[in-house]
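Could you walk me through this protein, starting with the overall make-up and ending with a few single residues?

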Amino acid sequence: DDEKDERGSGSGKRRRRRWNDRDDGEGGPDRWGAQPDADNVAADNGNDANEEPVENPNKIKANFGLSGALASDTQTGNARDGITLKFSEPPEARIPNTRWRLYVFRRKVSDAKAAADSDKKDDDLLDVYHISRQSAYLFGRERKVADIPVDHGSLSKQHCVLQYRALPSKSSSSIIGEPTKLQCKPYLMDLESTNGTFINGVRLDAARYYELRRGDVITLGASSREYVLLTEQSAKTGI
């Protein structure tokens with residue numbers, strides 16, 4: 001009998017442990033709903049580990065094109081063929097209607113030397129540039145960017161620029177409501193060259209626009225060439 005009591009008491013303990021195990025779990029199915037099977041959870045975790053991560057469609061990809069600054073320079077005219085220009089065209093830049101030309105001559109020598117070398121024609125015409133097809137013309141030794149290339153050793157890679165600008169005419173009416181008349185004229189600016197830019201023998205201050213007039217003579221540094229500014233009509237009439 002004592003053994004039966006011990007076995008009976010042991011069975012009761014075991015039964016209580018089973019009920020306790022059931023009660024101490026994460027909740028019975030009648031109260032909390034069905035619980036996930038441990039084997040299924042492990043299988044799901046294994047599948048997640050083996051799956052490849054899905055790429056975010058909104059991720060920004062690397063861009064190896066032109067940088068914003070360089071693209072902007074290209075659009076505004078600050079760069080050409082990979083070379084940074086020393087000038088920027090102003091907002092008032094225009095292509096002229098007047099057909100301007102540059103006649104290139106050798107610089108005339110003094111009268112005394114001309115008499116001694118009368119057989120030489122030092123004022124021969126060397127070239128003619130038609131300069132009314134774009135709004136700016138760059139003089140310089142850097143042929144990749146120069147519109148009017150020069151070769152003399154005293155001149156800079158980007159020496160000076162001839163720029164057309166459309167500005168209000170001085171004779172335009174000041175009546176309110178009437179449109180302002182613009183007049184497109186050529187201007188010359190020295191680009192901080194080493195040996196200077198000259199109009200009719202007067203050296204220009206760097207980085208400033210100087211208005212050009214018909215018949216003006218442009219010289220650069222120590223070069224012997226003279227660039228005479230004329231229009232098509234004045235060249236025909238000799239004026």
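Here is a short tour, from the whole chain down to single residues.

This is a predicted model, in which local features need pLDDT of at least 70 and side-chain atom pairs count only at pLDDT 80 or more, while totals for chains, interfaces and linings use all residues. Residues are numbered from 1 along each chain as its sequence is written, and side-chain values use heavy atoms, with hydrogens and water left out.

**The whole protein**

The protein has six helices and 13 strands. Both are DSSP runs numbered from the N terminus: helices are H or I with at least four residues, strands are E with at least two. Of its 239 residues, 29% count as buried, where buried means under 20% relative accessible area, exposed over 50%, and partly exposed in between (1.4 Å probe, protein chains only). Take the contacts (heavy atoms within 4.5 Å) between residues at least 6 apart in sequence: 53% of them join residues at least 24 apart.

**Strands and sheets**

Strands of a sheet pair through backbone hydrogen bonds, either parallel or antiparallel. Here, two strands pair if DSSP finds at least two bridges between them.

| Strand pair | Bridges | Facing residues |
|---|---|---|
| β3 and β4 | five bridges | F105 and L125 |

**The largest pocket**

Rolling a probe the size of a water molecule over the atoms shows where empty space is left. On a 1 Å grid over the protein atoms alone, a pocket is an open set of points where a 1.4 Å probe fits, with protein on both sides within 12 Å along at least five of seven lines; lining residues have an atom within 4 Å of a point. The largest pocket has a volume of about 230 Å³, that is, the space filled by probe spheres set on the grid points, which are joined across faces, edges and corners. Its lining has 13 residues, with T98, W100, Q183, C184 and K185 nearest the centre. Strand β8 (residues 182-190) gives the largest share, four residues. By type, the lining holds six nonpolar, three polar and four charged residues.

**A few single residues**

Most residues other than glycine have a negative phi. D81 is not a glycine, yet its phi is positive, about 55°. D81 sits in the loop between β1 (79-80) and β2 (83-84) and is exposed, with a relative accessible area of 60%. A207 also has a positive phi, about 60°, without being a glycine; its loop runs between β10 (202-203) and β11 (210-211).

Is E142 buried, partly exposed or exposed? E142 counts as partly exposed because its relative accessibility is 22%. E142 is in the loop between β5 (136-140) and β6 (148-149). Leaving out residues up to four places away in sequence, E142 touches I83 and K157.

Methods
Ala, Val, Leu, Ile, Met, Phe, Trp, Tyr, Cys and Pro count as nonpolar, Asp, Glu, Lys and Arg as charged, and the others, Gly among them, as polar.
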